[in-house]
Amino acid sequence: MKIYIDSSDIKEIKEINKTQLVDGITTNPSLIAKQNKDIKVILKEICKEIKGPVSAEVTATQAKQMIEEAKVLQKISKNIVIKLPLTFEGLKACSHLTKKGYKTNVTLCFSVTQALLAAKAGATYISPFVGRLDDIGESGIELIKDIRKVFDNYKDLKTKILSASVRNAEHVKEVAKAGSDIATIPPKVFHELYKHDLTDKGLKIFLEDWNKTNQKIS
Ligand code: G3P
């Protein structure tokens, strides 16, 4: 499963990217708003650091304007992916942009039928929101499983499942088990993924024993 970081914070992105485990980045208007900086500046910085796909979201609500915004966003860098909302207008824009050769990420997906339509519109990625479905007492993980099943039924659907609204390590584990192609993970959750109490305890013991030897590896 590919790992994207769900953030617009270049500092956090650079720090995590030192692991060379970052396959891409997703942003959204709320994440951009947190930075208090011009959207184009933010995206340029991110695209300089990350060579994989970087999703940048349109903010228009009508297809015609979404397409105009897509043209502006695409000029920032060739690895920009145009993020579109899963609305009637967003689907219209997705079909149009697909035919023009743009890569797209259709976001705010909460049902299998939404995912199916986005895939038929040629979306490169579909972003089902796991955590927000859990928030309303439904199962985000079940949605990922169902979309996987439907997409696997129709080999002509090439859309990648990009699990979003991932809130914890358990979500990451479960979307991987469900066959999600990608999980986009907030920085805080990324740092939960490698931690384990037994790793820390084990390392402490190894180092204590090693120090008793008075040796140095040099
Ligand atoms: O990728 C979408 C994500 O940013 C939404 O996450 O936690 O606000 O539901 P959340």
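**View 1. Asp209 and Lys212 form a salt bridge between their side chains, at 3.2 Å from N to O.** A salt bridge is a side-chain nitrogen of Lys or Arg within 4 Å of a carboxyl oxygen of Asp or Glu. The model is predicted, so local features need pLDDT of at least 70 and side-chain atom pairs count only at pLDDT 80 or more, while totals for chains, interfaces and linings use all residues. Residues are numbered from 1 along each chain as its sequence is written, and side-chain values use heavy atoms, with hydrogens and water left out. Both partners belong to helix α11 (residues 197-212), where they are three residues apart, about one turn of the helix. Helices (H or I, at least four residues) and strands (E, at least two) are DSSP runs, numbered from the N terminus. Asp209 is partly exposed, at 39% relative accessible area, whereas Lys212 is exposed, at 63%. Here buried means under 20% relative accessible area, exposed over 50%, and partly exposed in between (1.4 Å probe, protein chains only).

**View 2. Arg148 and Asp152 are joined by a salt bridge whose closest N and O atoms are 3.2 Å apart.** The two residues lie four residues apart in helix α8, about one turn of the helix. Arg148 is buried, with a relative accessible area of 16%, and Asp152 is partly exposed, at 37%.

**View 3. A salt bridge of 3.1 Å, N to O, connects the side chains of Asp135 and Arg167.** This pair links distant parts of the chain, 32 residues apart: Asp135 is in helix α7 (residues 130-135), and Arg167 is in the loop between β7 and α9 (169-177). Asp135 is exposed, with a relative accessible area of 53%; Arg167 is partly exposed, at 37%. The whole structure holds 14 salt bridges.

**View 4. Strand β6 (residues 125-128) is covered on both faces.** Tyr125 and Ser127 are buried on one side, as are Ile126 and Pro128 on the other. Strand β5 (residues 104-109) runs parallel to β6 and is joined to β6 by three bridges; two strands pair if DSSP finds at least two bridges between them. Within this pair, Val106 stands opposite Ile126.

**View 5. Lys2, Lys155, Lys158 and Lys160 form a positive surface patch.** Such patches are made of residues with over 30% relative accessible area and no salt bridge, like charges being joined within 9 Å. Lys158 lies in the loop between α8 (140-153) and β7 (160-163) and counts as exposed, at 66% relative accessibility.

Note on methods:
Patch = residues over 30% accessible without salt bridge, like charges linked within 9 Å, V, L, I, M, F, W, Y side chains within 5 Å. Areas by Shrake-Rupley, 256 points an atom, 1.4 Å probe, with all protein chains shown as cover. Lys, Arg positive; Asp, Glu negative; His and termini not counted. Charge placed at Lys NZ, Arg CZ, Asp CG, Glu CD.
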